[in-house]
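Me: I have a model open and want to learn how to read it. Can you take me through the features one at a time?

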Amino acid sequence: MKKIVCKVEYDTETASIVEKRTFGEFGDPCGYEETLYVTEGGKFFLYVNGGAESAYPEENIKRMSAAKAEEWKAQ
C-alpha cells in the first residue's frame, strides 16, 4: 500500500518491516494486524488492517515519530 501523509510518501513495498502484530484469528471480524515499518530515510509508519468490526476496518497507514515507534514496540 502507498499513501502520502503530510507530503511524504509511505510505501509498504519499499520500506522494511520492524515488527508485526496480529490480534484474533484469520476471518475474525474483530481481528486486525498492525505492522511497523521504517523507510530508507528513517521514517516510521504503522500499516493497519482488520475485519469489519475491528479497530481498523479499512487498511490505512499512520505515520509515527521514532519515539512513538519505540513506545509501540515496548507495548
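**Reading the model**

Reply: Buried means under 20% relative accessible area, exposed over 50%, and partly exposed in between (1.4 Å probe, protein chains only). The model is predicted, so local features need pLDDT of at least 70 and side-chain atom pairs count only at pLDDT 80 or more, while totals for chains, interfaces and linings use all residues. Residues are numbered from 1 along each chain as its sequence is written, and side-chain values use heavy atoms, with hydrogens and water left out.

Me: Where is Tyr47 found, and which residues does Tyr47 touch?

Reply: Strands (E, at least two residues) and helices (H or I, at least four) are DSSP runs, numbered from the N terminus. Contact means heavy atoms within 4.5 Å. Tyr47 sits in strand S5. Leaving out residues up to four places away in sequence, Tyr47 touches Met1, Thr12, Glu33, Glu34, Thr35, Tyr37, Glu59, Asn60 and Ile61. Look at Lys62 too: the C-alpha atoms of Tyr47 and Lys62 are separated by 6.5 Å, with the two residues 15 apart along the chain.

Me: Is Thr39 buried or exposed?

Reply: Apply the same cut-off. Thr39 counts as buried, at 18% relative accessibility. Thr39 lies in the loop between S4 and S5. Setting aside neighbours within four places in sequence, Thr39 is in contact with Tyr10, Ala15 and Phe45.

Me: How many helices and strands are there in the chain, and what is the order of the elements?

Reply: Count the elements, then read from the N terminus. The chain has 1 helix and 6 strands. The order is β-β-β-β-β-β-α.

Me: Why does the radius of gyration of the chain agree with a compact globule?

Reply: Compare the value with a rule. The radius of gyration is taken over C-alpha atoms, and the globule rule is 2.2 Å times the number of residues to the power 0.38. For 75 residues the rule puts a compact globule near 11 Å; the chain has 12 Å, which agrees. The C-alpha atoms fill a box of roughly 35 × 25 × 20 Å along the principal axes. Of the 75 residues, 33% count as buried. Among contacts between residues at least 6 apart in sequence, 32% join residues at least 24 apart.

Me: How many disulfides does a search of the whole structure find?

Reply: Check the sulfur atoms. A disulfide is a pair of cysteine sulfur atoms within 2.5 Å. The search of the whole structure finds 0. As for accessibility, Cys6 is exposed, with a relative accessible area of 54%. Cys30 counts as partly exposed, at 41%.

Me: Which residues other than glycine have a positive phi?

Reply: Look at the backbone angle. Cys6 has a positive phi of about 50° although it is not a glycine. Lys7 is another such case, with phi near 70°. Cys6 is found in the loop between strand S1 (2–5) and strand S2 (8–11). Lys7 lies in the loop between S1 and S2 as well. Lys7 is exposed, with a relative accessible area of 83%.
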